Structures are given as C-alpha cells and as structure tokens.
Amino acid sequence: MRPLRIAWAGPWNDRSAIAAFGEGMAAELAARGHEVTVLRTEVGEFADLPPRPAPGEVHPMDALGDNTIEYRFDVLVAQIGDNYNFHGALLRRISPMMTVGVFHDAFIANLFHGHVHWSGQPELLSTVPRELYGPESMAEGEPFWTGMEEMARRRPMLEWLARRCAGAVAHAGHYAPRLAAACPGPVATIPLAFEVPDLPPLPRPWNRMTVAAIGYANPNRQLDQVITAIGASGTLRGHCRLRVIGAAEEAERARLTALAELLGVAPPEFTGWVSDEDLRWQLRDVDAITCLRNPVLEGASASVILALASGRPTLVTNHGCYAELPGDTVLACRPEAEALDAMRHLEWVQANPAEAAALGARGQAVALTRHSFHTYADALLPLLEEVTRDRPRREARVRLASLLEGFGLGPDDPATRRAGAVVDAMGLDPAKVEQARRIAAPAFRETA
Amino acid sequence: MRVLVLSTMVPFVHGGAEELFDHLVLNLRRQGHDAEGMRLPFTWDPAEGLIEEMLIARQIRLTNIDRLIALKFPAYMVPWHDKVLWVLHQYRQAYDLLDVGGSNIPDTPRGRQILAAIRAGDAQAFRESKRIHTNAPITSRRMKQYNGFDSSVLRPPLNDPELFTGGEAEGYILATGRVNAGKRQSLLVRALRHAPGVRLVVAGPPDTPADAEALRRLAVEEGVEDRVTLDLRFVPRTDLARMVNGALAVAYLPYDEDSLGYCTMEAFQAAKPVITSTDSGGVLDIVRDRDNGRVVPPEPAELGAAMAGLAADAARAARMGRAGRDAMEAEGLDWPTTVERLVA
C-alpha cells in the first residue's frame, strides 16, 4: 500500500477519550509510514486545552481552508462523537469526497443540538429530524428533547452526518446497518481500539472489595443500580464500596450518596477528573469495574476496554456494543434487572476470587488483541485505501450532482442518479456497470 | 481576439442557423480575428434526455480562447468567463411552443421538472453572459417574458451581399425561399388572377414533393400556368442572385416569421421592393407599405392589386427598392458591423 496523506480530525486534548484513541492511532499509522496531520475540532475554550503529543503537525481545523484540505490530504478521517465542544469545528468540513466518518457514538443528538444552537438556526431542530426520519419522528410543535431511550429510537441523528461521508466506521455491529444504509460509501465495523499501558495488576483478594466506575458519572451509567446491588446483599453491604473515577456533577454525587446512606452502604468515593497517571493510582486496589449503561448510546466504550485491559472482572450491560464482547470475558447484566444481576456477579467475585481473576485475564487478552491499535489499523487502512482509490470518481459524481442542482434537480432526481451511474460505470467493477445500465436505460429506451 | 463560436448540430440537418454559424466564423476571420467554430451534437428526444444535453454543455471546459460566442440551446450553457450570446432561439418547446401545445415535454410532474430544469439552466447561462443579443425582436420579447432577461436585437446580415447588386427589372415578381404551406406561395399563384399580365417566378426548394405538386396543380386550376414559372429546387446562390437582380419585386409572405427573412434582405440589398402580408411577423420590422414595398392582407385580391400596381409603375417600384436598400443600410445589416458588436 502506498503511504497515505491522512488528515486526522478530532479532539486532541487530555480530557477526551476519543483524543486518547486518536493519539494511539496516529502513532500506529505514522509507524506504518503514513503521513498523519492532526486537525483539532474543539471549539471555544476547549480549543485552548493543551494538545496531546502527535507524530506530525497539529493544526486547529479552522486554520485550514477547504481547498488546502482537499489538495493536501488523500483522506480525512473524522472522529464523530456526541459532544459539540469537542467536535464542533468538524461539522461544516465533512466532505462527501474524502471524509471517512469514525462514529464513536450511535447517538449524536447532543452534537446536532450544539450545532443548531451555535449556528443560530433553531428551525433545523425540527426540519432535519423530519427530513431524516419522516414526520412521525417529530410531531408538529414537539420539543426536540425527550427521554434518551425515545430519542435513540426516534431521532438518534446518526444519519445526519453519515449521509455526508464518503465512508464510515462503526465500532460495533448494533449500529453498523444504520450507517451502511445512510452512508453512500463503504462501511466497516471495527472494534474500538484503546490502550492504557502499565495498569496496576489485580490486587490480592481481601475481605473488602472496591468496585470502580470509570468516566463521567451521569445517570446513564446506572451507578444507582450498583449501589442498590451492594445494599441488597448481606455479603456485599459493609464489605464493598463504589469508587467513581471521573467527573461527576454535584447533583449526581448527592443523589448517589443519599441512596447509599439509605441502603446502609458506604458512601461512594468521587475522585473527580483524573489524569492517566492518577487513574493508575486509583485503580491499584480496585477488584472489579462496572460499565453498565442504559440506554446504550455509544458505539463503543473506551472505559470497558480499559476495564478489560486492567484484568479486572467487569460488569457490562447485556445490550448494544457491550453485548458483542465475548460472553466468557465479562459479567453481563440484563438491562431490565441490572441491580439483581450486578449483585449476583459481585457476590460471585467476592466468593470466587481465583475464577474471577481468570475471567479478568480472559478479558485482558481480548483487550490486548481485539482492541489494539495494531488490529484497528489493520482493518481501517483497507477502508481508507478504498475511499482514496474511489475519490476521483466521487469528485466527478459530486461535480455532476452540483451542476444538476443548479438546474433545480436534487440528489434523488432520476437525472442525478443516472449521472452518478455513468460515473460509476467508468471502472472495472462489473456490478456497478450493470447497475448503471439498469438505472440509465429506461429513460433512453426509445432511442436505444 | 481568439473567438470560439459555439452552436449545436443535428447530423445532416442544414438550414439557416447552420449557414449563419459558418458565415459568422468566416466573417470573424475576415475582420482579423482568430476564430474557430464548434458544434455540439444535440438531440431533443426523449425529453428526459434534455437534462443530459444540458449537463454535457455545462461539463465542457474551454481553454485558449478570449471570447466565446454561443448561438443555441444548450450550447450557450458552456461556461466561460467572457461569453456573449447571440441567441437564434431557445428551446422553444419549453416556452412559446409549450403554450400552444407544440411541445415534446409531457404535461406530467416529471415533465414540469424537466421544464423547470431547462428554465433554470437558461437563467444560469443568461446570468453569466456578458451580453445577450438575439436575432429578432420576437426572440428578445420571449426571453424577457419567460426568463426576465433583457437583450438587444442583432439581426443576422446577408452572407453574400456582393451577389445582390441589383439591375434592370425584367418584369417578373419573384418569390424565393423554401416552398411550403407556411410560406404561402399558393397565395401568390391565386393572386395572379387579380393581376392581369403579371408574371410570377417561384424559385426555391419544396419541403416535400407534395408541396411542389400542390403548387403546380394550383397554377393549372387557376388557369395562370402560362404566367407562372415554378423553379422548384435548391437554387445555387449565383442563380438566385441573378433572379433577384432581374426581378421587378420580391414577394415574401411567411406566416408569423421570427426574423426579417433572408428573402427580404436579399431583395433590399438588390434594391427591389418587397411585397408581404400584414401577418408576416418579423418581416414587417423593415418593410413599410408604399415606402419600400407593399404590406397587404393575406388575400389573393389584395395581393393581386399590389402586384399589378408595381408592375404598372416600374419607376415607382425602383424607387421603393432603393428605399429598401436604404433601410438595410440604416439597420447596419452587414457583417463588419455585426462582428464589431459581437466582439465588443
């Protein structure tokens, strides 16, 4: 494979897990001989956060013009996550000619909402979902926000950006079909890569047990269910505590602390945001890690990979991307019975430390292979190569579509489809040639 | 100046537009410009394919020229920063012919999309042009009515004025041009009954054999065959010029013609008066009744009277003919003036 000129667009600070993924991937791709330039996509004060180390140049994305990006790079690998502050600068730069969207989340309504707010176009909150999902996705006068589960079902907004990409990556199979349906180009499912070296080993069993949650603590993480599980078990209560390693709003802290008090459980510990170094320190005496989510909105979870990589037994929701992990490497909890299942699993860990350690070791092996940057790059590069190879044809298609748009004919017009088909047929792929013939023929049958 | 003249072509179809194209290139060169001509293959059927025709035009990239002069739909959609249009006609089936039910674009939702696409494409081409000329006031009026764009009229001049030198009238009235029902040579044959002693020469190619036969039969039926000469063929230019130069007057009665008509211009160039009809459209832009010709209702009796009047007073006919040549000169209907306006 010839070296690619890759623009890696995404957040590039210490606060973002997607940036941590990016740092590892940029290093891996550069080590394979590709030229990787980082284009930072944070906005506002987040753009001023200190940058991570990078193997090449790092620029704010807004500092480069569209033409520069178009000519200087073969492909733009866009990191798409549900956080406007980290991804806002990317949104208007997604080019159907050269962008491979890496969808870290299956739900990007927060990103969309941020875009609408900062672009000052409130009408988009209703017009875009209705255009993407039909009028039933949002009734007249209905507010954009509703319960997360309902949002994820009716208007997850994934398609808003997927349809603008030349190719896409899903980190789990549960949302890959949706990406494939929306994205006009190839879509690959690649398990998220995440590596945190030098994690502390599993501590020796003791008569007390620490369960950790890693990452921003919001109600979606189901920490109340973990506290309930501890409180409901005579063997856990008084011997097990919860440590929240990550930022938490004051209200969430108060809610969880009050619940623990009510159930006679030791109050949860809150570390606040921690650096990678602090994270290692906080994990030194952790016996198990909880990665529950309900609903599951992310495409994959860096924290579950970190948990597996640490060799500790890990609680996961038996749903979404978490359900795609090998069953003998995690402790799966049913979404409708999280507290009950979590209680049984934690009691088992407490009672069977050797077997729990073996499960953790199996999980660790999965993390170090399935979720390594090396494995990810092996799967990503063929996709980037395919998108790059097809770029001239895509550029021609976009140019024709733009000309037809000047005649008032949209992307779904038969003439636009015919023009695209003609471009597709300028190649060696017999399937595309045949498809082009089928699309173009009816209009010209009379003249054939 | 390096000038590219752009038009369309339907293989093996050759008419006035093609003549104009050839002579424009020729006269640009005569005026000292580097000129090339290029014609894009064009077909209008099926209507759906018109979108592709426009797309092809928009996709063409030009280099190595200073000025683009484009004549016809969709050739005038080819992008160039220094583009001047000389519109002979738009795709009339999307405009005036549509209004009178003469379009190949179906009255369906898809047909209306095609129509809107043509009009959007036209607007785009007109907007990006430096200047828009048309060949006739009616073309300019249509463009204003349907597209909202202003244009100036630049009538195509005669291609070979040097042949039409004029000369002594030999007593016949000449009808030139294509022979068909629309040009109404039959009216002139009927008019002979009302113009005793007047001789008529009809010289031009019939559109179909049936057109020729109908005219021959009519002359017999009217009992005027001894005063009518039917020279129904494509007449070489020198022969045609000789006929015009020897005519007493030229009769040209098209129905609602867009332009002045080459027949009119040839007659005036040779200082011959023109007999035409009150419903002949663009011809009336230059022919003035009793000044440089006769303009009468399209009735055999009226036409006969006009023919007889001119035949009876050859000196008056000659005066009218000279007034016609003056009118041509006043219009600036010559290639140097035309080229000058196109490259300005």
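Analyst: In chain A, strand β2 (residues 35-40) runs parallel to β3(A), and three bridges join the two. The model is predicted: local features need pLDDT of at least 70 and side-chain atom pairs pLDDT 80 or more, while totals for chains, interfaces and linings use all residues. Residues are numbered from 1 along each chain as its sequence is written, chains are lettered from A and ligands numbered from 1 in the order in which they are written, and side-chain values use heavy atoms, without hydrogens and water.

User: What makes β3 and β7 of chain A edge strands?

Analyst: The open sheet has the order β3-β2-β1-β4-β5-β6-β7 in chain A, with parallel pairing. β3 (58-60) and β7 (187-189) each pair on one side only. The twist averages 20° from one strand to the next.

User: How do you know that helix α1 of chain A touches this sheet?

Analyst: Contact means heavy atoms within 4.5 Å. By that criterion, helix α1 (residues 17-31) of chain A touches β1 (5-10), β2 and β4 (75-80) of chain A.

User: Which residues of chain B count as buried, as a share of its 344?

Analyst: Buried means under 20% relative accessible area (1.4 Å probe, protein chains only). Of the 344 residues of chain B, 55% count as buried.

Key. Buried < 20%, exposed > 50% of the residue type's maximum accessible area, 1.4 Å probe, protein only. Pairing = 2+ DSSP bridges. Helix = DSSP H or I, 4+ residues; strand = E, 2+ residues; numbered from the N terminus. Axes fitted to C-alpha atoms, helices over the stretch in contact; angles between N-to-C directions.
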